[in-house]
Amino acid sequence: MPDRMTRPRSTARCRTAALGAVLWMLAPVGAAAEQDSQALARQIYSDLIAFPSTESHGGTAEIAKYAASRLIEAGFPAQDVQIIGPSAESAGVVARFHGRGEREPVLVLAHLDVVEALPEDWSMPPFELIERDGYFYGRGTSDNKAGVATLLANFIRLKREGFEPSRDFIMLLTGDEETEMTSVAYFANEKRDLIDAAFALNTDGGMIETESGKPLAFDVQAAEKVYLTLRLEVTNPGGHSSRPRADNAIYELAAALLRVRDHQFPVSLNDATRSYFREAAQFHEPEIAVAMRALAEDRASLADIARLDSSVQLRTLMRTTCVATQLEAGHAENALPQMAAAVVNCRILPQEPPEAIVDTVRRVVASDSVRVTVTYEPTASPPSPLTPEVMVPVTRVAAEMYPGIPVIAEMSAGATDGSHLRNVGIPTYGVSALGEDTDDIRAHGRDERVRVQSFYDAVEYWYRLLRAL
Ligand SMILES: [Zn+2]
């Protein structure tokens with residue numbers, strides 16, 4: 001609450017409006033244009049971080065108004081900028097940048113909400129953009145307000161430049177990606193006409209992997225694993241523990257869980273993981289690299305597979321996994337258990353139908369006394385194909401800005417808003433283009449930060465990408 005009361009929102013609004021007017025008159029070109037666009041992006045970024053858009057602070061109602069007002073101030077007609085969502089707390093923004101309509105629209109995506117941040121846990125105020133030692137600090141600096149600022153600043157810059165795209169760009173800023181994802185589900189299932197597009201580009205997926213700031217690889221998220229939770233339950237008449245019966249709920253459940261543990265789901269690749277095994281091989285030990293390339297070319301031996309299985313990270317990319325995570329059983333130390341239950345959480349390869357995984361678990365459990373039920377329904381999310389329409393511009397701009405680094409498609413363990421869009425048939429690609437050291441990723445954590453240069457580079461990447469599309 002204090003954050004909200006002390007935040008000088010009206011002052012910030014006036015300041016940004018004034019800045020916008022000055023930039024407009026300068027009609028920037030070349031290096032000056034780049035500097036002005038950096039100042040614009042930074043101002044928006046700073047304003048966005050100042051909104052504590054978490055569940056406990058009332059969600060995204062206020063920040064959605066801010067985002068919409070920036071676009072309207074910049075000249076987007078009010079009817080093309082809508083604040084809309086399944087509830088006020090998870091309000092989102094949909095804005096349309098009209099093009100010549102030569103091709104189907106492109107959807108560009110970010111989320112306005114952030115994970116909670118307790119001031120007492122941080123070494124600085126979390127809801128204030130602080131620049132220090134070459135970094136921007138603040139909740140959402142990486143996840144995902146850099147993305148929101150990138151989209152807003154570039155829509156405004158392109159509008160000022162009088163740019164007319166060949167196709168419509170639709171910006172979708174969602175309101176509860178970090179919690180329920182009702183916002184994106186609402187647009188995908190009930191407001192499809194507002195966001196319908198040939199494909200979506202998500203600022204909340206993918207990254208530029210860096211080492212001490214030096215770019216190593218440009219990752220594009222093209223698939224996500226599907227989340228599913230099962231409950232395995234055994235019931236039994238029970239009785240006095242002095243008179244054990246032949247059947248026992250705990251033993252039966254334990255035996256079933258061991259069978260789940262020992263089951264190995266088959267190896268399967270999709271476009272994204274095939275690209276990953278091929279292109280990321282160079283960053284692994286030579287033995288593993290050989291096995292990765294062999295798998296990508298469908299000529300992996302059993303020994304290759306065994307080598308890849310020895311890495312948790314690679315194993316989860318090539319197989320569906322199901323693992324026991326919670327347990328409850330019995331009601332007294334001197335009574336035979338009347339009930340024993342376990343939670344089994346599955347991460348399903350997106351090319352595999354979730355129902356088939358449930359069937360497999362039932363078959364593996366192989367016991368009529370163990371009841372298997374779905375307690376968290378999966379959202380199927382088929383992998384997005386690596387089509388040239390997307391990959392050519394994404395790769396070209398990456399090569400322009402970061403010559404020599406590989407562009408690698410990847411599948412993440414999930415889940416982002418992208419899963420709901422893929423679910424309704426809109427292929428979605430995470431191209432945050434935000435550089436982060438892989439050993440210093442602080443999204444959702446304390447003192448979240450992003451390199452100042454990485455932020456400006458991501459803004460510039462998206463500017464060029466939007467023009468290239
Ligand atoms: Zn995010």
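Buried means under 20% relative accessible area, exposed means over 50%, and partly exposed lies in between, with a 1.4 Å probe and protein chains only. By this scale E389 is partly exposed, because its relative accessible area is 34%.

The model is predicted: local features need pLDDT of at least 70, side-chain atom pairs count only at pLDDT 80 or more, and totals for chains, interfaces and linings use all residues. Residues are numbered from 1 along each chain as its sequence is written, and side-chain values use heavy atoms, with hydrogens and water left out.

The pLDDT, the predictor's confidence in each residue from 0 to 100, averages 92 over the protein, and 93% of the residues score at least 70. Over residues 1-28 the pLDDT is below 50, and this stretch has 36 contacts in the model beyond near neighbours in sequence. Contact here means heavy atoms within 4.5 Å.

**Salt bridges**

A salt bridge is a side-chain nitrogen of Lys or Arg within 4 Å of a carboxyl oxygen of Asp or Glu. The whole structure holds 30 salt bridges. Three of them are tabulated.

| Pair | N to O distance |
|---|---|
| E389 and R103 | 4.0 Å |
| R464 and E400 | 2.9 Å |
| R446 and D447 | 3.5 Å |

E389 in helix α14 (residues 388-401) and R103 in the loop between β2 (92-97) and β3 (106-111) are 286 residues apart, so this pair links distant parts of the chain. Helices (H or I, at least four residues) and strands (E, at least two) are DSSP runs numbered from the N terminus. R103 counts as partly exposed at 40% relative accessibility.

The bridge between R464 and E400 links helix α16 to helix α14, across 64 residues. R464 is partly exposed at 28%, and E400 is partly exposed at 43%. Both belong to a network of salt bridges that also includes R157, E161, E460 and R467.

**Nonpolar cores**

A nonpolar core is a set of buried Ala, Val, Leu, Ile, Met, Phe, Trp, Tyr and Cys residues joined through side-chain atoms within 4.5 Å. The largest has 94 residues, and L173, L201, F218, F277, F455 and Y461 have the most contacts inside it. Helix α16 (residues 452-468) supplies the largest share of this core, 10 residues. Another core, of 23 residues, lies apart from it and includes L232, V234, A249 and A340.

Beyond four places in sequence, the contacts of L173 include A67, V93, L112, V148 and L152. L152 lies in helix α5 (residues 145-160) and is buried at 0% relative accessibility.

**Buried charges without a salt bridge**

Lys and Arg count as positive and Asp and Glu as negative; His and the chain ends are not counted. K225, in the loop between β9 (214-224) and β10 (226-235), is buried and has no salt bridge; E352, the nearest side chain of opposite charge, is 8.1 Å away. The side chain of K225 reaches the backbone oxygen of T316 at 2.5 Å.

D204, in the loop between β7 (199-202) and β8 (207-211), is likewise buried without a salt bridge, with R422 the nearest side chain of opposite charge at 10 Å. The D204 side chain makes a polar contact with the side chain of H111 at 3.2 Å. A polar contact is a pair of N or O atoms within 3.5 Å; within protein, one must be able to donate a hydrogen and the other to accept it, and residues adjacent in sequence count only if both atoms are side-chain atoms.
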